[in-house]
Amino acid sequence: MTLTTPSAKLNSYRAGPDDRGFFGLYGGRFVAETLMPLILDLERAYEAAKADPGFSAEIAFLNTHYAGRPSPLYHAERLTDHFRAQSKTGGGAKIYLKRDELNHTGSHKINNCIGQILLARRMGKTRIIAETGAGQHGVAVATVCAKYGMGCEIYMGATDIERQSPNVARMMLLGAKLNPVTSGAGTLKDAMNEALRDWVTNVHDTYYIIGTAAGPHPYPAMVRDFQSVIGRETREQMVALEGRIPDTLVACIGGGSNAIGLFHPFLDDKSVAIYGVEAGGHGIDIHNGHAASMTGGTPGVLHGNRTYLLQDADGQIEEGHSISAGLDYPGVGPEHSWLKDSGRVTYVPATDTEALDALKLCTRLEGIIPALEPSHALAYVTKLAPTLPCDNLLVMNLCGRGDKDLFTVAKALGIKI
Ligand SMILES: Cc1ncc(COP(=O)(O)O)c(C=O)c1O
């Protein structure tokens, strides 16, 4: 496949991808011949579902009655006061947390799984496979499979199985078969490799629920569409609370699904400043010590799409590192790569230590224990908020709760449990 230049159709930040699945130079579908008919089938099925009001009505019903949406938009008063006390300019943004950690299963991942399981059923598939890193996507997939009585197999890296053990137990309880992956570093990239391999060999009955806004077209756009409920709700809730839309949005970036879900409905609102926070690990200058593919990577092809990657001069994928299993991915969804190059979104790293400090801060000031992933977003908010004026309305996506991370956090902080 040849690379395209930005399409004339992309005259709005919200118009992509183009007909071949490209966001400017990023995206596409770089897959094995055997997968191509399936991917085209999936695209047709998704286009038909999108045009069917019954499909959106079913999603809306499940979002409300099963997942518990809308999630609250919560004014974090003590965090706001804390940042104002730290401001050298007498400012300090007004902090709102979009509480997607309150969803059924504990994160934003359920938003995508509801959409994709309904699509799988429409396509007559009987077996579901998925990859997972932090286990939140695996739990969400196992949950919807239990609800609809579908066979479910989850690929998870051996390293992640160890550090996210509460989610491993939940998946097994829900009836999923867990396939440990020991290749590479035993993390998310390796799990996704194995899931793609499974899909190629079981093309007829199997549907692959990818958990982030990455992979071959149509996944990045489809996952984004299912996650955009976060941004649509935020818009409505902020207008109801403050009479206007937010000024600043901040979200963490693994593959990029919670972030694009919050950002997408605001991309054409020029007044809104948008920040994506990647995993800075031990530090962005440390080789193999972080997972900040946009801050520290270059464009290449992985998992069916062209995007920013951590890779060496020969194009070999490097092992990322993050204390957070959900951000420990050496790539990123292609729409983010395009938003980076176009300058619409600013991408910054936050280190493991900064994320741990932010987790402690949120826990002590708000009584909310965030997952390690959104703690990276909060780590950047601690730097940004004091520099903004008091009337700046800042929304951070609190996309997961911290239960799964208790062992990792306790170990890092020297707490004996
Ligand atoms: C709570 C939570 N937040 C964020 C992420 C990162 O994924 P994404 O960038 O697709 O939102 C994960 C991934 O597992 C997660 O569990």
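**Exercise 1.** How far does a polar side-chain atom of Ser257 lie from an oxygen atom of the ligand? Then look for other polar atoms around the ligand.

*Solution.* Keep in mind that this is a predicted model. Start with Ser257: one of its polar side-chain atoms sits 2.7 Å from a ligand oxygen. Now check the cover: on its own the ligand would expose 390 Å², and the protein buries 97% of that. To finish, step back to the 17 residues around the ligand; among those that come nearest are Thr212 and Gly256.

**Exercise 2.** Find strand β5 (residues 127–132) and work out why it is largely enclosed by the rest of the structure.

*Solution.* Go along the strand and take each side in turn. Arg127, Ile129 and Glu131 point one way, Ile128, Ala130 and Thr132 point the other way, and all of them are buried. Buried here means under 20% relative accessible area. With six of its six residues buried, β5 is therefore largely enclosed.

**Exercise 3.** Which strands pair with β5?

*Solution.* First take β6 (residues 151–157), which runs parallel to β5 over six bridges. As a landmark, Ala130 has Ile154 as its bridge partner in β6. Then trace the path through helix α5 (residues 136–148): β5, α5 and β6 form a right-handed β-α-β unit. Finally, turn to β8 (residues 206–208), also parallel to β5 and joined to it by three bridges. Here, Ile129 stands opposite Tyr208.

Conventions
Residues numbered from 1 in each chain as written. Predicted model: local features only at pLDDT ≥ 70, side-chain atom pairs only at ≥ 80, totals over all residues. Heavy atoms only, no water. Buried < 20%, exposed > 50% of the residue type's maximum accessible area, 1.4 Å probe, protein only. Helix = DSSP H or I, 4+ residues; strand = E, 2+ residues; numbered from the N terminus. Pairing = 2+ DSSP bridges. Right-handed = clockwise from strand over helix to strand, strands pointing away. Near = heavy atom within 4 Å. Polar contact = N/O pair within 3.5 Å; in protein donor to acceptor, adjacent residues only side chain to side chain. Areas by Shrake-Rupley, 256 points an atom, 1.4 Å probe, with all protein chains shown as cover.
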